[in-house]
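Please read them with the coordinates open.

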Amino acid sequence: MRIMYINNVGGGFANYLEIEENTSIQKLFTQKMAGENAEDYLIRVNRQPVPRDYVLQENDRVTITPTKVEGAVR
Amino acid sequence: MRKGKIMNKNKNIIKLSSLLLDAIYELKKQRLRQIQDKFRDFGSKCSFAIKDSNLFYTAVEKNWFRSAEKIRTRVSRSLNDFSYYLQRFKEFINIDEPKLPKLSEIFAELLQLDQDLGEYQFDLKYKTISVITEPITLEEINLGSFEIKLYIERISTLYEHAPYKVIALEPNPAGSDSNVTHPHVSSETLCEGDGHVSIRRALEDGRFCDFFTMIVSILQTYNPDSPYISLSDWEGRSCYDCGYTVSGDESYYCEYCDNEFCDQCSTYCQKCDTTMCLGCASQCPLCEEPVCKNCSAKCKECEEIYCKDCLTEEGLCPDCEEQRKEQENEEQEDKSKKSEAAAAVQSDSMGQTIVHA
């Protein structure tokens, strides 16, 4: 099953991703953001907040955006 | 009536989406122009190689071995530069080009922006779109709200400078620099730090909601390792002597009195370079240089403070040293006179004294 996965962490990229059927958003987050706390991110599916047990569907658009980003003097 | 208002709003959002899409196309064009420039460089490097190849051929055929050797050396040198250049060119051209968004996607982004970050403002005349943050408080310092203003026509200049400004609406700037309205904002420019690449990528992809969200996230986060002015110095440091507010970098600590001073009220010891305040420094009356307590001492005679270099080994200032020498000379002279006089008396009474009966 293919979804659009947008990760705004680090390099920030948007790409299609193959995932297993019945993958929940929580499982995807754990796979892609190992060791990270979900509370530090805005997680949207199809531009909407979803419960953690939401099961991803074909062509869903998943966005993960950090809520804590460190600025710096360049 | 209400339906009409909604339709009018949607019409404006479509116009705005169209403007944003044009800007992203222009940005894409700029990116392709960069590739075009690299291609041109690559082409000229190749034409130099062809020229050298022809020259080399002629030199060999005509037995001009010295010329052939010169060309060979030059080509060998150029090949090193060329392989480095080729590697850079490959890296540049292999970066995944962002997929251009559709108008409907930009429209959806703007609707999401409204939903996630509250009502945004846009000015079709000046071609700007702004999001206003909630009041931001970092480590108990209230910095007020900020307006993140994106200049749509400047999106195409993304690779040269940021196309947006971060404007403090109720500014509480740092005490030592009024241009710094947030630890990571100076002169309305945000230093993106860790967010730099993803902010840039969000704009390239036309993900405007992500773009604004990332900037809000930076504004809501304090990185104590790399601020323009740290929050601990936000109010500035007050000079202990004159009370003037200075930044941490411009404040000087006096280790003798444990206080901080501005550059006008501080100095440094000319002998050991220790920083100190003017109150703890002494000016040597002889060399007139400021010195610290460790590098100065009282003259043992007059008790005036001199730098140690201007005191003699006996701990005297030059005046007292001179006086002492004069005194010693006088004493010496006195002693000599007395001994001379004593010697004269002894010579007159040489032999036995006549005693009359």
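**Notes on the model**

1. Start inside a sheet of chain B. B:S130 has B:K149, in β5(B), as its bridge partner. The strands involved are β2 (residues 128–132) and β5 (residues 146–151) of chain B, which pair in the antiparallel sense over five bridges. Strands here are DSSP runs of E, at least two residues long, and helices are runs of H or I, at least four long, both numbered from the N terminus. Two strands count as paired if DSSP finds at least two bridges between them.

2. Basis of these notes. The model is predicted: local features need pLDDT of at least 70, side-chain atom pairs count only at pLDDT 80 or more, and totals for chains, interfaces and linings use all residues. Residues are numbered from 1 along each chain as its sequence is written, while chains are lettered from A and ligands numbered from 1 in the order in which they are written.

3. The sheet around that pair. It is open, has four strands in the order β1-β2-β5-β6 (chain B), and the pairing is antiparallel. β1 (121–123) and β6 (164–168) of chain B are the edge strands; each has a single partner, so one side of each is left without a neighbour in the sheet. Neighbouring strands are turned by 20° against each other on average, direction ignored. Axes for this angle are lines fitted to C-alpha atoms; angles run from 0 to 180 degrees between N-to-C directions.

4. Chain B overall. It has six helices and 19 strands. Of its 357 residues, 26% are buried. Buried means 20 or more other C-beta atoms within 10 Å of the residue's own; exposed means 12 or fewer, and partly exposed lies in between, with C-beta atoms placed from the backbone. Among contacts in chain B with a separation of 6 or more, 42% are between residues 24 or more positions apart. A contact needs C-beta atoms, placed from the backbone, within 7 Å.

5. The largest nonpolar core. It holds 40 residues, and B:I148, B:F211, B:F212 and B:I215 touch the most other members. A nonpolar core is a set of buried Ala, Val, Leu, Ile, Met, Phe, Trp, Tyr and Cys residues joined through C-beta atoms within 7 Å. Elements giving two or more residues include α1 (2–61), α3 (103–117) and α4 (196–205) of chain B. α5(B) gives the most, with nine residues. Domain 1 (2–94) and domain 2 (103–219) of chain B both contribute, so the core lies between them. The domain bounds come from an automatic or database domain assignment.

6. B:I215 touches B:I148, B:L190 and B:I199, leaving out residues up to four places away in sequence. Apart from this core lies another, of 20 residues, among them B:C239, B:M276, B:C280 and B:C320.

7. Two backbone points to check. Most residues other than glycine have a negative phi. B:E139 has a positive phi, near 45°. B:E139 sits in the loop between β3 (136–138) and β4 (141–144) of chain B, and is exposed, with 11 other C-beta atoms within 10 Å. B:D273 also has a positive phi, of about 70°. B:D273 lies in the loop between β14 (266–268) and β15 (275–277) of chain B. B:D273 is exposed too, with 9 other C-beta atoms within 10 Å.

8. Chain A. Its elements run β-β-α-β-β-β from the N terminus on. Of the 74 residues, 26% are buried. Among contacts between residues at least 6 apart in sequence, 60% join residues at least 24 apart.

9. Which strands does β5(A) join, and in what sense? Strand β1 (residues 2–7) of chain A runs parallel to β5(A), with four bridges. One of the partner pairs is A:Y5 with A:V62. Strand β3 (residues 41–45) of chain A runs antiparallel to β5(A), with five bridges. There, A:I43 has A:I64 as its bridge partner. β5(A) is mostly covered, with five of its six residues buried.

10. The interface. 21 residues of chain A are in contact with 24 residues of chain B. On the chain A side, β2 (13–18) and β5 (61–66) each supply at least two residues. β5(A) gives the most, with three.

Notes
Two residues are in contact if their C-beta atoms, placed from the backbone, lie within 7 Å.
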